[in-house]
Amino acid sequence: MDMVMKLGTEKPVVIFSKTSCGISHAISTLIRGFGANPTVHELDELPNGHEIEKALMALGCNPSVPAVFIGEEFVGGSNEIMSLNIRGKLKPLLLKANAIWI
């Protein structure tokens, strides 16, 4: 789990994904639409991807991807990101994390 937290806090926005996951792609596209440039870790392309996936599940991600960190904090998966967006709270969170600027 320490490895996931370390990777998740390296940049303003970090997304754990799989290349075959359409929802992960949609979340990445949504965040990029605000002007952010997330760091995306494709678990199916990493040699230790299975370990990272298990750690994400231990954090409460079910399914394991997408898992999104914003501003060095674990925000959650697609439901949490979409909820923040619908309530108008995703953009302020990205601003606070210095992932985007006005």
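1. Start at Gly60, which comes after helix H3 and has a positive phi, near 110 degrees. Helices here are DSSP runs (H or I, at least four residues) and strands are runs of E (at least two), numbered from the N terminus. Keep in mind that this is a predicted model, where local features need pLDDT of at least 70, side-chain atom pairs count only at pLDDT 80 or more, and totals for chains, interfaces and linings use all residues. Residues are numbered from 1 along each chain as its sequence is written, and side-chain values use heavy atoms, with hydrogens and water left out.

2. Now look at H3 itself, residues 49-58. Its buried residues (under 20% relative accessible area, 1.4 Å probe, protein chains only) are Gly49, Ile52, Glu53, Ala55 and Leu56. They line one face of the helix, because they fall within an arc of 160 degrees seen down its axis (taking directions from the axis to the C-beta atoms). The face turned away carries His50, Glu51, Lys54 and Ala58, which are exposed (over 50%).

3. What do the buried residues of H3 pack against? Helix H1 (2-8), E1 and E3, with contact meaning heavy atoms within 4.5 Å.

4. Next, Glu42, in strand E2 (residues 39-42). Glu42 is buried but has no salt bridge (a side-chain nitrogen of Lys or Arg within 4 Å of a carboxyl oxygen of Asp or Glu). Arg32, the nearest side chain of opposite charge, is 7.4 Å away. The Glu42 side chain does reach the backbone nitrogen of Lys18, at 3.3 Å.

Terms used:
Lys, Arg positive; Asp, Glu negative; His and termini not counted. Polar contact = N/O pair within 3.5 Å; in protein donor to acceptor, adjacent residues only side chain to side chain.
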